[in-house]
Amino acid sequence: MSATTKSPTASDSRTASDSRTPSKAARLLGDRRLPVAVTALLFLLMYLGGLTRYQNFGFTEPQVFLNLFIDNGYLLVAAVGVTFVILSGGIDLSVGSVIGFTTMFTAWLVERQGLPLLVVIPMALAVGAFGGFLMGYVIHNFEIQPFIVTLAGLFLFRGLCLVISKESISISDSSVSSMAERQVSLGIGFLSLGAIISLVVLAVAFYVLHYTRFGRRVYAVGGNEQSALLMGLPQGGTKIAVYTVSGFCSALAGLLFTLYIQSGDPLHATGMELDAIAAVVIGGTLLTGGSGYVLGTLFGVLVLGLIKSLIQFEGTLSSWWTKIATGVLLCAFILIQRFMTTRRKT
């Protein structure tokens with residue numbers, strides 16, 4: 001006797017189809033925009049908490065919000081450069097040292113050599129971009145880990161700061177103070193020139209990453225380097241370019257930091273590369289590369305800036321609580337990233 005086979009029914013087909021269709025929760029966890037939304041929600045809740053707790057201490061003034069951009073404009077520019085590097089699957093530890101070197105280089109040329117600021121600015125940007133180019137070139141052509149190469153860059157630029165001067169150099173040039181004090185009125189408050197420049201850099205980076213061929217290459221190389229190579233994408237050129245962008249942004253951040261404090265010091269921006277990396281990760285960019293948004297970096301910077309503001313308004317807490325809160329948030333977002341990447345693979 002031949003064995004009889006049972007034909008599949010409509011209910012069996014629906015059951016199989018339902019099992020293959022991901023649930024709403026799975027689709028939500030797999031959404032690449034979720035980390036950015038979480039960071040934006042965190043910032044909103046923190047800001048509302050500040051409005052509630054410090055409403056009698058001037059926290060409700062619109063200028064308090066605008067000050068987040070004024071006080072953290074240089075960090076935003078540095079973090080934008082780091083976003084390019086991390087999206088490509090790399091890391092840049094030289095950011096803080098390049099910023100510190102730029103403050104010393106600018107102060108030395110303006111104050112000691114008497115060069116006009118408008119002449120010094122392109123020179124400083126060129127040095128930063130060239131430093132990033134060299135690190136990207138070594139990383140790609142000699143196949144050395146970015147951690148090692150950029151760590152060498154960290155020591156190199158910090159050492160160059162001390163070569164210029166072991167002491168702080170104050171800038172008394174009128175053009176520097178004029179640019180530092182320039183304000184753009186918004187009706188409800190004002191933004192400094194540095195804050196405006198940082199927002200312009202953010203807008204340019206958003207366009208480049210999401211609407212240009214270079215941006216798509218950055219995501220492709222960071223998502224799967226081997227697949228990008230098989231597709232014929234210029235992997236080496238992309239790697240070198242992102243480190244050049246990071247070096248340029250670090251130098252620009254150094255110029256904005258110089259305007260902010262109007263001096264150069266060999267110890268300026270020590271550890272700022274960690275703040276920039278933390279802002280990028282808290283903003284939702286995966287440390288493994290290939291996923292993230294520069295808009296998330298903005299919210300990451302705003303969260304870090306808001307933590308500092310809340311501690312200042314509290315008045316009874318040490319500034320070290322900023323580092324503690326940053327560390328807690330960083331660990332939390334790394335765990336969120338790990339959970340989301342695991343869910344995507346399954």
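Guide: The largest pocket has a volume of about 470 Å³, the volume being the space filled by probe spheres set on the grid points. This is a predicted model, in which local features need pLDDT of at least 70 and side-chain atom pairs pLDDT 80 or more, while totals for chains, interfaces and linings use all residues. Residues are numbered from 1 along each chain, and side-chain values use heavy atoms, without hydrogens and water.

At least two lining residues come from each of α4 (62-87), α13 (272-282), α14 (294-314) and α15 (320-345), helices being DSSP runs (H or I) of at least four residues. By class, the lining of the largest pocket comprises seven nonpolar, six polar and three charged residues.

The second largest pocket holds about 280 Å³ of space. Its lining consists of 13 residues, and I139, I144, P146, E225 and K239 are those nearest its centre. Helices α6 (117-141) and α12 (235-261) each supply at least two residues of this lining, with α12 giving the largest share, three residues. Four nonpolar, six polar and three charged residues make up the lining of the second largest pocket (Asp, Glu, Lys and Arg count as charged; Ala, Val, Leu, Ile, Met, Phe, Trp, Tyr, Cys and Pro as nonpolar; the others as polar).

Technical notes
1 Å grid on protein atoms, 1.4 Å probe; cavity = no way out; pocket = protein on both sides within 12 Å on 5 of 7 lines; lining within 4 Å.
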